Amino acid sequence: MRILLFLCVGASLVHLGVQDYSFMTVTIPKNMPPKNPNDYSLLAVGVNLDKLNSVYENLEETDSTPPPADAVTIFLSTLKSPANEKTIVISTDFNNPTAAKTKLNNYVTQHTSGKIKNFYSDFEQTTEAVILSCADKWKIPVSGGNSYMVQLTGEYNTMTNKEIGFTMIEIPKNQFMTLLYIIPDEGKLASVRAAANKMNLALWKNSMTRQVVNLTVFRATLYVCGTMIADVTEVDDHQLIKYKQASRMSVTYP
Ligand SMILES: *[C@@H]1O[C@H](CO)[C@@H](O)[C@H](O)[C@H]1NC(C)=O
């Protein structure tokens, strides 16, 4: 029997019923250089923790669909192999936690153009699997050119909140990662920033609808990684699984 236990590590991590996502929020100038103290928007990158967990859980299913190798990487203990042999894993010796840490940190650094270093701290020898999703040089929006501001047109998941005063637009990357542009109304930056906590971001995200938008937004290039770590120990006759999650991002312009 497996018992699941969620551990939250670090400030950017959450796992409460409604919140499938861990969000990282940054404040970004709407103009470069910003013209006044209100000339900013917010950007929130969400890593889907439930999806990362399900990749781990599916390792035991023979008939599961292997996850897309360009979106997620599975590091699996040398003592294990995936039930579905089509699932690509990187066999990793967690019995040597120092070597495992070096290997995985190098992997993250290579897959984020060197922007994210020393992402993992020490592993346990009982680590069974690490599921990692990275976004490297993720340009948002995708449209070409080098200018800082671009016109975003098309159908997007969108919501507006008149009370707090903002428009939010979602640009998903894949099933593991998504991005929310949160554009405050005139003079509302401080209140929007105060309201944009993890709980509200999850609620706002769930209330978005598909709409046609035509908005000027800034361009940025994102480097993101999000991970879950599963440590498995035997307690009496049970396997106790501890899940740890972490995420980090770095942003450049345009
Ligand atoms: C979008 O808005 C810009 C300026 O606000 C306008 O020039 C352009 O024609 C609009 N595009 C569409 C597809 O509505």
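Reader: In this predicted model, is E124 buried, partly exposed or exposed, and what is its relative accessible area?
Author: The model is a predicted one, and E124 sits in the loop between α2 and β6. Buried would require a relative accessible area under 20% and exposed one over 50%. E124 falls in between, so it counts as partly exposed, with a relative accessible area of 39%.

Reader: Which residue meets the side chain of E124 in a salt bridge, and how far apart in sequence are the parts that this pair ties together?
Author: The side chains of K244 and E124 meet in a salt bridge, with an N to O distance of 4.0 Å. K244 counts as buried at 16% relative accessibility, whereas E124 is partly exposed. The partner asked for is K244, which lies in strand β12 (residues 238–252), so the pair ties together parts that are 120 residues apart in sequence.

Reader: How many salt bridges does the structure hold?
Author: One of the salt bridges is that between K244 and E124, and another is formed by K80 with E128. A further one is made where the side chains of D122 and K101 meet. For the structure, the number of salt bridges is six.

Reader: Where in the chain do K80 and E128 lie, and how many residues apart are they?
Author: K80 forms a salt bridge with E128, and the closest N and O atoms of the pair are 3.6 Å apart. K80 is partly exposed, with a relative accessible area of 36%, while E128 counts as buried at 8% relative accessibility. The pair links distant parts of the chain, with K80 in the loop between β4 (73–77) and β5 (90–92) and E128 in strand β6 (residues 127–140), a separation of 48 residues.

Reader: What is the N to O distance in the salt bridge of D122 and K101?
Author: D122 lies in the loop between α2 (97–110) and β6, K101 lies in helix α2, and the two are 21 residues apart. D122 is exposed, with a relative accessible area of 55%, and K101 counts as partly exposed at 26% relative accessibility. Their side chains meet in a salt bridge with an N to O distance of 3.0 Å.

Reader: Which residues gather with D20 in a patch of negative charge on the surface?
Author: D20 is found in the loop between β1 (2–8) and β2 (21–29). Its relative accessible area is 31%, so D20 is partly exposed. The residues that gather with D20 in the patch of negative charge are D50, E57, E61 and D63.

Reader: Which residue is joined to I140 by a cis peptide bond, and what is omega?
Author: The proline in question is found in the loop between β6 and β7 (149–161). The cis peptide bond joins I140 to P141, and omega is about -20 degrees.

Reader: What is the phi of K137, which is not a glycine?
Author: K137 is found in strand β6 and counts as exposed at 53% relative accessibility. S113, in the loop between α2 and β6, also has a positive phi of about 50 degrees although S113 is not a glycine. For K137, phi is positive, at about 50 degrees.

Reader: How far apart in space are the C-alpha atoms of A129 and L222?
Author: A129 is found in strand β6 and is buried, with a relative accessible area of 0%. A129 and L222 are 93 residues apart in sequence, and from C-alpha to C-alpha they are separated in space by 26 Å.

Note on methods
Residues numbered from 1 in each chain as written. Predicted model: local features only at pLDDT ≥ 70, side-chain atom pairs only at ≥ 80, totals over all residues. Heavy atoms only, no water. Patch = residues over 30% accessible without salt bridge, like charges linked within 9 Å, V, L, I, M, F, W, Y side chains within 5 Å. Areas by Shrake-Rupley, 256 points an atom, 1.4 Å probe, with all protein chains shown as cover. Lys, Arg positive; Asp, Glu negative; His and termini not counted. Charge placed at Lys NZ, Arg CZ, Asp CG, Glu CD. Helix = DSSP H or I, 4+ residues; strand = E, 2+ residues; numbered from the N terminus. Buried < 20%, exposed > 50% of the residue type's maximum accessible area, 1.4 Å probe, protein only.
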